[in-house]
Amino acid sequence: MTGDGWRSEVCRDGAEFGRLGERWASLYARCSTATPFQSHSWLHSWWVSYGTHGALRVVLVRREDGELVAAAPLMRAPGPLPVLTQLGGAITDFTDVLLDDACPEAATALARAMAAAARGAVVDLREVRPGASAERVFARWRGPRRRLPDSLCLELPALPIDALLARIPTGKAQQRVRAKLRKLDALGIDERIVPGDEVPAALGRLLRLHQLQWQGRGVTAEHTSDRFAQHLARAVRPMVERGDARVTEFRLGGDVVAADLTLMSPRLAGGYLYGADPVLRARKIDVATMLLRHGARETSASGRATLSMLRGNEPYKQHWRPESVPNQRLMLTGPGTAPLLWLRAGAADGRRWAARQARERAWVGRVLERLPVRPRGGGG
């Protein structure tokens, strides 16, 4: 209970969380910062696949009339220290809480409810997008808190491909991309957006293509797991039917040679996962350019402002001169558990420093490999 006309509770039961679907969807629609990773379909499905019995801690705030106005999808993290972290885990690119845009006081009420739920623990929110509702809770938190950098995301304005080509700095580079697009057109690949009732089968094809695409090149192990496939099968169809996701198949001669899963909110669209038959690579088809053209066309036509490339700083993304948008890590706790927060934040700082040092050493190694080898001077 938060008082001041608000009622708070903590949902600890997975079945009860499942029954919150419609009320959660209503709040999600009233939260302008929400991304598809905060939809009930995504979070509840993730909990079914990845959750640990007894760890669920979903903090809910309601008005006196029962209307849900704020929610924080949390769980007790594994490990020796008492920590509450977000649902969604490593397969979720953006973390956030939900706040009703029409209730300015909801952020304060949720901060109080989260503090009560986390008594004796640290709240550790990873991958918080700039401008997220969690920032409002962070600003109203009455206790120790810490903000750290997290993963880097890359974003483009939602423009048709011809406008995006203007971002490429040199004429020769633009010509190379135009040549790739002409090759795609000449090949005659058909694009088809998959309707909701066909989504489960299409996702199965997408995952098979994804494994083929990365075979022998270090595929992300989780993307090949049964629990990931089951999570997508549960989550994505209702997301497609609500307009929070889109599955597209690319066909050549009647065969599906590529497939893409894009997640969408009112503000942005982001390509989440794709798969491509190695036959395209053998035919010198640039799959990334094909997907970007499709995503740019669909996103700009829908009126969204941003085409997100989500997490990761892969070289092929940099060709388009995207904007770098770093996610944040927000840590919150009470006065009595401040040492736990500083300990956890210090460990995170140390891991970031070690990772940066490793990247710098790898860069120096690559530079040295390119230097010409000078013959040693001979003795007389």
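Colleague: What are the ground rules here?

Modeller: The model is predicted, so local features need pLDDT of at least 70, side-chain atom pairs count only at pLDDT 80 or more, and totals for chains, interfaces and linings use all residues. Residues are numbered from 1 along each chain as its sequence is written, and side-chain values use heavy atoms, with hydrogens and water left out.

Colleague: Why is A109 called buried?

Modeller: Buried means under 20% relative accessible area, exposed means over 50%, and partly exposed lies in between, with a 1.4 Å probe and protein chains only. A109 has a relative accessible area of 2%, so A109 is buried. A109 lies in helix α4, residues 106-117. Helices are DSSP runs of H or I with at least four residues, strands are runs of E with at least two, and both are numbered from the N terminus.

Colleague: What makes R112 partly exposed?

Modeller: R112 has a relative accessible area of 34%, so R112 counts as partly exposed. R112 is also found in helix α4. The C-alpha atoms of R112 and E16 are separated by 22 Å, and the two are 96 residues apart along the chain.

Colleague: What makes β1 and β2 a pair of strands?

Modeller: Two strands pair if DSSP finds at least two bridges between them. Strand β1 (residues 6-11) and strand β2 share 6 bridges in the antiparallel sense, so they meet that rule. The bridge partner of C11 is V58 in β2.

Colleague: How many bridges join β2 to strand β3?

Modeller: There are 7 bridges between β2 and β3 (residues 68-76), and the strands run antiparallel. V61 has A70 in β3 as its bridge partner. β2 and β3 form a hairpin with 4 residues between them. G66 in that turn has a positive phi of about 95°. Strand β2 (residues 56-63) is mostly covered, with 7 of its 8 residues buried.

Colleague: Which strands pair with β7?

Modeller: One is β13. Strand β7 (residues 145-157) and strand β13 (residues 323-332) pair in the antiparallel sense over 9 bridges. There, R146 has M331 as its bridge partner. Another is β12 (residues 306-311), which pairs with β7 in the antiparallel sense over 4 bridges. C153 stands opposite R311 in β12.

Colleague: What about E127, and is E127 buried or exposed?

Modeller: E127 has a relative accessible area of 5%, so E127 is buried. Its phi is near 55°, a positive value in a residue other than glycine. E127 is found in strand β6, residues 122-128.

Colleague: What makes a set of residues a nonpolar core?

Modeller: A nonpolar core is a set of buried Ala, Val, Leu, Ile, Met, Phe, Trp, Tyr and Cys residues joined through side-chain atoms within 4.5 Å. The largest nonpolar core has 48 residues, and W42, L232 and Y272 touch the most other members. Apart from it lies another core of 29 residues, among them C103, V128, V137 and F138.

Colleague: Which residues does L232 touch?

Modeller: Contact means heavy atoms within 4.5 Å. Not counting residues up to four places away in sequence, L232 touches W42, L203, L207, L261, Y272 and L273.

Colleague: Why is a space called a cavity?

Modeller: On a 1 Å grid over the protein atoms alone, a cavity is a set of points where a 1.4 Å probe fits but cannot get out; lining residues have an atom within 4 Å of a point. The structure holds 2 cavities of 30 Å³ or more. The largest cavity has a volume of about 40 Å³. Grid points are joined across faces, edges and corners, and a volume is the space filled by probe spheres set on the points. Residues lining the largest cavity include F37, F94, L263 and L310.

Key
1 Å grid on protein atoms, 1.4 Å probe; cavity = no way out; pocket = protein on both sides within 12 Å on 5 of 7 lines; lining within 4 Å.
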